[in-house]
Amino acid sequence: MVTLKERQICAIKQMLNLNQAQTKSVAAEPVWKILIYDRIGQDIISPLISIRELRELAVTLHVQLHSDRDSIPDVPAIYFCAPTDENLGRICQDFQNGLYDVYHLNFLSPISRQKLEDLAAAALQANCVANIHKVYDQYVNFITLEDDMFVLKHQNSDNLSYYAINRANTQDVEMEAIMDSIVDSLFSVFVTLGNVPIIRCPKNTAAEMVARKLEKKLRENLWDARNNLFHVDASQAGAFSFQRPLLIVLDRNVDMATPLHHTWTYQALAHDVLDLALNRVTVEDEEKPVGGARPKGRSCDLDSRDRFWMSHKGSPFPTVAEAIQEELEQYRNSEDEIKKLKSTMGIDAESEVAFSMVNDNTARLTSAVNSLPQLMEMKRLIDMHTKIATSILNYIKARRLDSFFELEEKIMSKAALDRSLTEILSEGEFGLAEDKMRLFIIHYICNNVPDAEFQRIQGILQEAGCDLSPMPYIQRWKSIMQRSAVPVTTSHYEGGGTKTVSMFSKLVSQGSSFVMEGVKNLVVKRHNLPVTKITEQLMECRSGGDIDEYVYLDPKLLKGGETAPKNRSSFQDAIVFIVGGGNYIEYQNLVDFIKQKQTANSTRRIIYGASTLNNAKQFLKQLSLLGQEIRNTN
């Protein structure tokens, strides 16, 4: 089965091959070329193709469109950018200056007829029409971070943020532009997958606006005989099986507690405390720099090429620490074997006997030499993950993140707390102000908090230096949700919770580099978050509850009914898309859920997508802005 990520890589490699399909035959002389991209193009390529791979694809130079560039004759220039007025203006300027001899223009999303005519007029004026070899619409305007995860924007993602969609004074025109931008990117995802989905979404939300616009766009394309992008020929069969996938478009308002939740898995922690972005994380060096210089950071790539990351990104943090320790033991054993071999061969002491032993040991030496590159790579990964995990561990200890995680799991799963929340929040040394704020908002969302308690806790938080501006918005959100057709039931989070197991026996006994004292070894109970519960019901085509209210849209039907057909068999593939920002906690929860659903004769898959990817700190900031707006209008 081909994943979304593989299909997008394939599309980009074909573009870098001057839009010719890559052949398996013996490669001819490579055509050296240069790649010119804008910031969006850079964000799309960087998680998918490394600089080394670009070199292998004969790209000698890759530069920003809006940088000072020198003229390079005789080399094809591949442009990869969004068809914005600013970008097109710069391309026209390049035509005027005659920077390159051959232009291949690739736009991330379709360029309008008008803009194309303006571009042609500029080429005529610059007398370089013959130099423009190809103009392509690429339909790759989304960023794939995992085989089964994508986001729409990274840089300038504020345009599509929860704040942009929910603020009070958004003009209709602005809202239309946000929705169109989301729909364009989602359309690109389905063109890349080669499938037309069946769409479900809740009524009267931003998600419904997106779903209806997308259905219209897909339907228009399907009935357009000349430009249908979903003609499936045998070689280009869709990414999914013969069954069509289900697209579930949800609004961030479905679940406001999870984006603020403290987390316990490796990838989500890296995103929460180290700002993991585009599969890259920057870890500051331990050594303090001399003088007032800023500490240097080390950039670490965490992607599918990293074996350890792929197997442990969804594991609880203590498990990761133990796994790093095991890898280290394994590495040391291999290293010892090579050292032993050296001494038995007498490489250290040049003696006569050594030469007589050479023959017996040659085979062993050959295998040891062959394993050296793997050992070096293993050492590099162990060092990198030790550095990242140590950095996360320091944050866990400094901010007591394990305790926050345990408390929030209890609150969300309706378990009794050992001490009252007022007592916990009054502790001076307990986490940062933002951590306390996150805990309180989750408590407020999941429980009916009496006014007196609310005021008392607000006073405590104010003393602790918390910014209380998110509260007016959260209060308004809760009251709207309680009145709406789909009330947020606090039972959404049932079945969660944690248990503490014996302390890190392995780590303690092996003299680990991780000092885990004072950190709880929490094991998380497997449970489904609200988004996962909705996905399960819709994939299984169950009726009942809030799900009956969901709109049903099928772009292949000329006149679509909006109610789901009865007795439909369940879906094998689903794409879950969150309007207003997603997070790694939900992604991991869906991954765990679908793993349980696999059977011997059916593979089921879920792709998780979101307009943007926010960690709790960024999401809290957006809630603050929304709360300040309410305060200012009152």
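Ala, Val, Leu, Ile, Met, Phe, Trp, Tyr, Cys and Pro count here as nonpolar, Asp, Glu, Lys and Arg as charged, and the others, Gly among them, as polar. This is a predicted model: local features need pLDDT of at least 70, side-chain atom pairs count only at pLDDT 80 or more, and totals for chains, interfaces and linings use all residues. Residues are numbered from 1 along each chain as its sequence is written, and side-chain values use heavy atoms, leaving out hydrogens and water.

Start with the second largest cavity. A cavity is a set of points, on a 1 Å grid over the protein atoms alone, where a 1.4 Å probe fits but cannot get out; lining residues have an atom within 4 Å of a point. Its volume is about 50 Å³, counted as the space filled by probe spheres set on the points, which are joined across faces, edges and corners. The lining has five nonpolar, one polar and two charged residues. Among them are R307, E327 and H385. Helix α12 (352–399) supplies at least two lining residues, as do α10 (307–312) and α11 (317–344). The largest share, four residues, comes from α12. Helices here are DSSP runs (H or I, at least four residues), and strands are too (E, at least two), numbered from the N terminus.

Now take the largest cavity. About 90 Å³ of space lies in it. Of its 14 lining residues, H271, D272, I585, N615 and A616 are the closest to its centre. Helix α9 gives the most to this lining, with three residues.

D272 leads on to the charged pairs. Its side chain meets that of R438 in a salt bridge (3.0 Å, N to O). Such a bridge is a side-chain nitrogen of Lys or Arg within 4 Å of a carboxyl oxygen of Asp or Glu. D272 sits in helix α9 and R438 in helix α15 (residues 433–446), 166 residues apart. D272 is buried, at 11% relative accessible area. R438 is buried too, at 0%. Buried means under 20% relative accessible area, exposed over 50%, and partly exposed in between (1.4 Å probe, protein chains only). R399 forms a salt bridge with E434, with closest N and O atoms 3.8 Å apart. D272, R399, E434, D435 and R438 are linked in a network of salt bridges.

Definitions and conventions. 1 Å grid on protein atoms, 1.4 Å probe; cavity = no way out; pocket = protein on both sides within 12 Å on 5 of 7 lines; lining within 4 Å.
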